[in-house]
Amino acid sequence: MRDSSISFDSSEQHLPWYQTSIRKILEQLQVDPQLGLDQETAQQRLLVHGTNEIQEGKGRSQWKILLDQFQDIMLLMLIVVAIVSGVLDFTDLRNGGFESGSFPFKDTIAILAIVVINGVLGFVQESRAEKALAALKKMSSPKVRVLRDGRIQEIDGKMVVPGDIVFVEAGSQLCADGVLLEAANLQIRESALTGEATPVVKEVNVGGFTTEKSLGDRLNMVFTGTEVLKGRGKFVVTATAMATELGNIATMLQGVESEDTPLQKRMAQLGNVLVTGSIVIVVLVVVIGCWQVGNLSRLKELIEVSLSMAVAVVPEGLPAVITVTLAIGTQRMVKRNALIRKLPAVETLGSVDTICSDKTGTLTQNKMVVQEVETLDHAFRVTGNGYAPAGDFIRRGEAIAPQSDAALQQLLLGCLLCNDANLSQQEKEWQVIGDPTEGALLALAAKGHPHYTEMPKQWQRLGEFPFSSERKRMSVIGRNPQDTEGDEFVYELFCKGSPEIILARCLQYQTNSGIQKLEEGDRREILQRNEHLAQRGLRVLGFGYRRLAEIPTSQDDDTAEKDMVWLGLVGMLDAPRPEVRDAVVKCKAAGIRPIIITGDHPFTAKAIAQNLGIADANTKSLTGIELEKLSQPELETIVGDVSVYARVSPEHKLRIVQALQTNGRFVAMTGDGVNDAPALKKADIGIAMGITGTDVSKEASDMVLLDDNFTTIVAATEEGRVVFTNIRHFIQYILGSNVGEVLTIAAAPLLALPTVPLSPLQILWMNLVTDGVPALALAVEPAEPDVMERRPFSPQESIFARGLGFYIVRVGIVFAIITISLMMIAFNYPELGIDADSWKTMVFTTLCLSQMGHAIAARSRTRLTLELDFFRNPYLIWAVLGTTLLQLALIYIAPLRNFFETQLLTMTQLAICLGFSTLMFVWVELEKLLIRWFFSKRQQK
C-alpha cells in the first residue's frame, strides 16, 4: 500500500503513522496538542495541501463521446456510400435523369438517417457521467470541531489541514485520516472502507505499533469516510484530501480504465469482417464487369451495384436490435432483483467464470448471530435466522428445552442483562438498535430464556463498568427481583468480555447441580474450547457473575470484577445467508468459481468459505500482509489456487482481479463498500449491493443487486447466458439474409442483367424491418433447460465460433441460390407474364418472405420446429405476420409502392414468390435432420 502520510521533514518520517510514537508525530506535524494550530499556520498549510476534497479526474467530453460513435467501421462505410449515392443523384438531377414523381437523394437521406440514429443510440448509452468520484466527494466534507489558537472551533471539513487536532463523538462523520490522542470507549464503523461488519474499538497507542498492520488492524488511527458509533475521541490529522485512504481509492478509480465488453469486441470484429468482405466483393464485381465488356462503359452501373452491395453487407438494424435486446434483458433481470446500469453487462454476464465476492452482506446476513454456546457441562449449537428471537438449542444432535439446563439459563440471563441493545420488528424483519454484538446476545437470550421480555424491566440496573479497549470487558450491577431484604447478598454483577480475562477473574463455575470450584484442568479445558471456537472463525465472549453485598463505586471495578463464577462461552458469527449454499452449488455446476475477498479476519473468512462450500480444509488462503510481499507475477502464479483472501486492502482487491484476468479468467466482483470501487470498476462485471452498498460502489458497478442476495447473481448469470444465446440466434438470422443479398446483387452484372435487382432503399427496408422485427422476437426466446449446465462462453470466442460463421455463409448461399434462380426464371421467361420491371419486385419480395420462414426455423439449431412449442414465443408469430403484411403493403399501397419503386404483382407472381420463399424454411429443417442423423451414426460407431 502506498504511504499516504504528509511529511514536513521527510528525513525524520520513515515509518507509517500507525507505527510512529505520538511524540514524534506531533513533532513531525509541528503542532502543540494543547493549543492546536494557529490560524496563520492553518492558512499556509491550506495553500500547500489544498482543500480537503476529493479531486475528480478529467473524463471524456460530451462532444468526444458523440464523435466516437461515428468511428465504427460499418458506419463509416455507410457514410461513404451515402456521399457517393448523393453525388450520383446530384449528377442525374443536373442531367435531367430523374423522372417526374421521383424522390432524389432519398437513398442518401435514408442511409444518413440510419447512421445518425445508430450514433445517437450509442451516445445515449455511453454518455452517463461517472458519479463515483462525486459520491466520494460527498462523503468527505462534513462539519468538524478542531482545536485552533487554544480554543475549539467548528469549521467545514474541507478546511481541515494536516496537524489539526479534531474532536469526535458518537454520530461524527470523519473527514480526515489521523492518529488518536485520546479515546474513551471509541467505536467506529469502518465497513465502508474495510468491509468488516463489526465496529472497530479504537485505542491510543502512545509508542505506535511495532509490527506491520493491515488497514483494519490499525486501531490507533481513524480514516476519512468512516462513522463514530460510540464514545468520543481526539486525533491529530495526518492526511487530507487525496492523501487519505479514501483519496487513495479515488486515485485508483481514476487510473482504472474500462475495457470493451466481449460483445463490443465481437461487434468490432464483425464489422471488420463484413467491411473487408464487402470491399473484396466490390472490387471483384467491378473488375469482372469491366473485363466482360472490355472497357469502362459499365462503370456507373457497376458503382451503383457496389453501393447496393455496401448497404446490403451492413446490418443496419443490428445495433438497434442488440440495444433493444439488452434493454429487454435488463427488464427481465429487474424482475429477478438485478438492476443493470450498463447495457453491455447483460450479455457479459454469460461469460463470467469467476465471482470475487466480498463476505459481509453479500455471502452473509450482515448480522451477528450466535452459533455456539458452551458451559462446562454441555456444548450447544444454536439455530435461527438473523436477530429473530426464534431458534433451537441443539445438544448431541437433538433439540433440547433450554429451561431444563440451569447453567445455560444463568448464562442466558447474563446475555440478557449485560446488554444495552434493543430488538425491534419492522415489516416482519427483526433489527437491532445498538451494538450488533449485543443484539446477537439479546436474540440468543430471547431464544432460550422464558422471561426475556419481563426480566430487564424487573431487574433494576444500579451501576455498570463500561467496556474499554484496556479492560476488554463490561459489567452491570443490579438487584435481582427474587432477592429479599433479609439476604446478605442482594446485588448481582454480570460481566462479559475477552474469555481469557473473564476466566482469570473466576474462582468457581456454574453447573446444573450448583456452583463448583474451578480447578486448573477446568481452566485448560475452557481455554481449549475458546481456541477451538476462534479457529472456526467465531467471535467468542466469556461470561461470569458474582453476588455482592453492596453497590461498588465507579472506581472499584478491579475489586468488584473478581472472585466470579464462570458461566460459559458464546461464539457468534456474521452468519451465512442460508440460500447462498445452493447458489454456490449452481455456480460450480455452471463452471463458475466463487472466491471470497474480504477485509475480515482469516479465521472468519475460512469458516464462512467452508460453510458455504466455496472452500474446504485444504483450500489455500492468503492474507493482505502475505499478498503485499508478493510481486504481481508471483501473485499471478498462485491466484488460481487461492479461494479465500482475508484482511485485504483496496489495492489488494484490485491486484487480485488483475491477476485473475491475466490468467484468462473473466471476473465478476461483488462488493458494497467504498474500498470495493476500484476492483468493481476494473472487473469485467462489477456487482454492487443495492441495500447495504455505498453510493461509490454503486456508481462504479455494472450491476446492482436490489436484494443484496448472492443467489440473484446466479439468476442474472442465467439471464446473461440466455441473452447471449439469443443474440447469436438473431445474428445468424440477420447475417444469413445479408450474405444472400450481397451474392444476389453481385450476381446481377455477372449474369448480364441490365439493372441492379435491389435499390439501397429496398435493402435498408429489409435490413431494418423484415430482418429487424423478427430478430427482436427471436431475442425474447425463453431459456433452454440446460442453460446453467454449460460452461461459460469464452470472452475470447469469436462471434463466428461454434459453427455460426459456417452457418451464415451456408444459409446465405442458399438464400442467393433460391433468389438468383427466381431472378433468372423471371427475367428469361416473359411468357410467365413477368415484365422488365416486376421481376425486381419479385426478387425483393422473395428475399423478404424467405426471411419469415428462416425466422421460424432459427429458433433452435437442433430441434425441428414441429418439436417446439409453437406458442412459447408468441412475439415471433406476430412479428412474422406483421412483417409479411408490411411487405405486401409496399406492393399494393400506391404511395409506398411509388416511394420504394416496386411494381404491382399478380396473384400468380405473388404465389411464385411464396413458393420460392418456402424453400428456405424447408432447407433449414432438412439441415437439422441431416445433422441429427450424422451425429446418431457417429455415436453408433
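## Helix 26 and helix 27

Let's start with a handedness: helix 26 and helix 27 cross in a right-handed way. This is a predicted model, and in it helix 26 covers residues 710-750 while helix 27 covers residues 760-770. Their axes lie 11 Å apart and the packing angle is about 165°. That angle is over 145°, the cut-off for roughly antiparallel, so helix 26 counts as roughly antiparallel to helix 27.

Which residues do the touching? From helix 26 you get Y733, N738, E741 and I745, and they meet I763, M766, N767 and T770 of helix 27. Sorted by class, this contact has four nonpolar, three polar and one charged residues.

## Helix 26 and helix 19

Helix 26 also packs with helix 19, residues 580-589. Here the axes come within 8 Å and cross at roughly 30°. The cut-off for roughly parallel is under 35°, and helix 19 and helix 26 are therefore roughly parallel to each other. The crossing of this pair is left-handed.

On the helix 19 side, the contact uses V580, A583, V584, K586 and C587. Helix 26 brings F710, T711 and V714 to it.

Eight of them form an open sheet with mixed pairing, in the order 8-28-27-26-9-23-25-24. Strand 8 (338-340) and strand 24 (620-623) sit at the edges with a single partner strand each, so one side of each has no neighbour in the sheet. From one strand to the next, the twist averages 20°.

Inside the sheet, strand 26 (residues 667-671) runs parallel to strand 27 (residues 685-689), and four bridges join them. To find one of these pairings on screen, look for A668, whose bridge partner in strand 27 is I685. Helix 20 (residues 602-612) packs on the sheet and touches strand 23 (593-597), strand 24 and strand 25 (642-646). The direction of helix 20 makes about 145° with that of strand 25.

Strand 19 (residues 506-511) and strand 20 (residues 514-517) give you an antiparallel pair, joined by four bridges. Within the pair, Q510 stands opposite I515 of strand 20. As for what holds such pairs together, strands of a sheet pair through backbone hydrogen bonds, whether parallel or antiparallel.

## Two positive phi angles

N185 isn't a glycine, yet its phi is positive, at about 50°. You'll find N185 in strand 4, residues 177-189.

E901 isn't a glycine either, and its phi is positive at about 60°. E901 sits in the loop between helix 32 (894-900) and helix 33 (907-940). Its relative accessibility is 48%, so E901 counts as partly exposed.

## The whole protein

Stepping back, the protein has 33 helices and 28 strands. Of its 941 residues, 56% are buried.

Definitions and conventions
Residues numbered from 1 in each chain as written. Predicted model: local features only at pLDDT ≥ 70, side-chain atom pairs only at ≥ 80, totals over all residues. Heavy atoms only, no water. Axes fitted to C-alpha atoms, helices over the stretch in contact; angles between N-to-C directions. Parallel < 35°, antiparallel > 145°, perpendicular 65-115°, else oblique. Left-handed = near helix turned anticlockwise from the far one by under 90°. Contact = heavy atoms within 4.5 Å. Nonpolar A, V, L, I, M, F, W, Y, C, P; charged D, E, K, R; others polar. Pairing = 2+ DSSP bridges. Buried < 20%, exposed > 50% of the residue type's maximum accessible area, 1.4 Å probe, protein only.
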